[in-house]
Amino acid sequence: MINIKFLPLITLLSACVTTTHQPVATPIETDTIGEVVAQLYTPIGAASSENLPPPDEFEQRLTHLTLENMKLRQEVMRLKEKLQPRPTHTLSTTTPKKKSIKASHAPNIQPETTLLAPDAPEVPTLAQIAPVTIKNDAYELAQKQFRQKNYQQVINMLRNADAGGDGSIMARKQMYLLLLSHQKLNNCQSVINIGQRLAGRFSGSHEAAEAQFMVGQCQWDIQQRDIAKDTWRKLIASQPNSSAAQRAKFAINQK
């Protein structure tokens, strides 16, 4: 039994328990709970479709990725081709035997360049026409520059040799080397002027024949066709046995 003197205290405690403050959800908590509940009740298919891009944008992305894939495949194929070893061709080590020819009957050495068609007789080199027998430092230096294709340097070095100097063999060789340098640079007017002087000053020489042929070639190139043929005919008449005369005949027949 409850003691009657404690009855007021028990009644007071019961009233406190019934009036205890209940927790109330804040608006933020309510919104968060609502979102969670909405997600739980949203169908799986509907939720995933909201994150997908629009159909047009999806097609564009797919097309872009397809093109990038093709580019990468092509790059891989190109790199594979580079890495493949190339076949090597071994050259035969056997060399054909050369016939022994006496020095007096040795043929002319083939020239470095041609002025006409590939099947035409070729222009002899400087060493064939004007072999060096006299030592001259300036001429040897000019020859070295010519072999290195420094034609303008040769022209600057031999500028004073354009008239034949003292008429010596060395003067003739220097003048011809100067003429060749102008011809290499396509200075046709200089070739015509120096070539005509060389042909007159050293007539009958191999250099004179070559100079006449080059003069005719330059005259032809600057549209002086009839004059060029006359120059070649004079060459054929003056030195018919020279290689330059043979090329002149070929040029007249071809043109």
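Author: With a relative accessibility of 57%, Q223 counts as exposed; buried means under 20% relative accessible area, exposed over 50%, and partly exposed in between, using a 1.4 Å probe and protein chains only. The model is predicted, with local features needing pLDDT of at least 70 and side-chain atom pairs counting only at pLDDT 80 or more, whereas totals for chains, interfaces and linings use all residues. Residues are numbered from 1 along each chain as its sequence is written, and side-chain values use heavy atoms, with hydrogens and water left out.

Q223 lies in the loop between α10 and α11. Its phi is positive, about 70 degrees, although Q223 is not a glycine. That residue comes just after α10.

Of its 255 residues, 27% count as buried. Among the contacts in the protein with a separation of 6 or more, 51% join residues 24 or more positions apart; a contact means heavy atoms within 4.5 Å.

The part in view begins with a loop. N186 sits between α8 (169-184) and α9, and its phi is positive at about 60 degrees although N186 is not a glycine. With a relative accessibility of 63%, N186 counts as exposed.

Axes here are lines fitted to C-alpha atoms, for helices over the stretch in contact, and angles run from 0 to 180 degrees between N-to-C directions.

Ala, Val, Leu, Ile, Met, Phe, Trp, Tyr, Cys and Pro count as nonpolar, Asp, Glu, Lys and Arg as charged, and the others, Gly among them, as polar.

Helix α10 (residues 206-221) has 16 residues, which should span 22 Å at 1.5 Å a residue, and its end C-alpha atoms are 23 Å apart, which agrees. The expected span is 1.5 Å times one less than the number of residues. α10 is mostly covered, with 14 of its 16 residues buried. Q212 is found in this helix and counts as buried at 17% relative accessibility. Apart from neighbours within four places in sequence, Q212 is in contact with A199, T231, W232, K234, L235 and S238.

Past Q223, in the loop between α10 and α11, the chain reaches helix α11. D226 belongs to α11 and is exposed, at a relative accessible area of 60%. D226 and G216 are ten residues apart in sequence and 9.7 Å apart in space, C-alpha to C-alpha.

Helix α11 (residues 225-238) packs with helix α12 (residues 243-254) at an angle of about 140 degrees, and their axes are 9 Å apart. These two helices are therefore oblique to each other. The crossing in which α11 passes α12 is left-handed. Its contact is made by K229, W232, R233, L235 and I236 of α11 and by A244, A245, A248, K249, A251 and I252 of α12. By class there are eight nonpolar, no polar and three charged residues.

α12 itself has twelve residues and reaches 17 Å from its first C-alpha to its last, close to the 16 Å expected at 1.5 Å a residue. Its buried residues are A244, A245, R247, A248, F250, A251 and I252. These buried residues pack against α10 and α11.

Conventions: Helix = DSSP H or I, 4+ residues; strand = E, 2+ residues; numbered from the N terminus. Parallel < 35°, antiparallel > 145°, perpendicular 65-115°, else oblique. Left-handed = near helix turned anticlockwise from the far one by under 90°.
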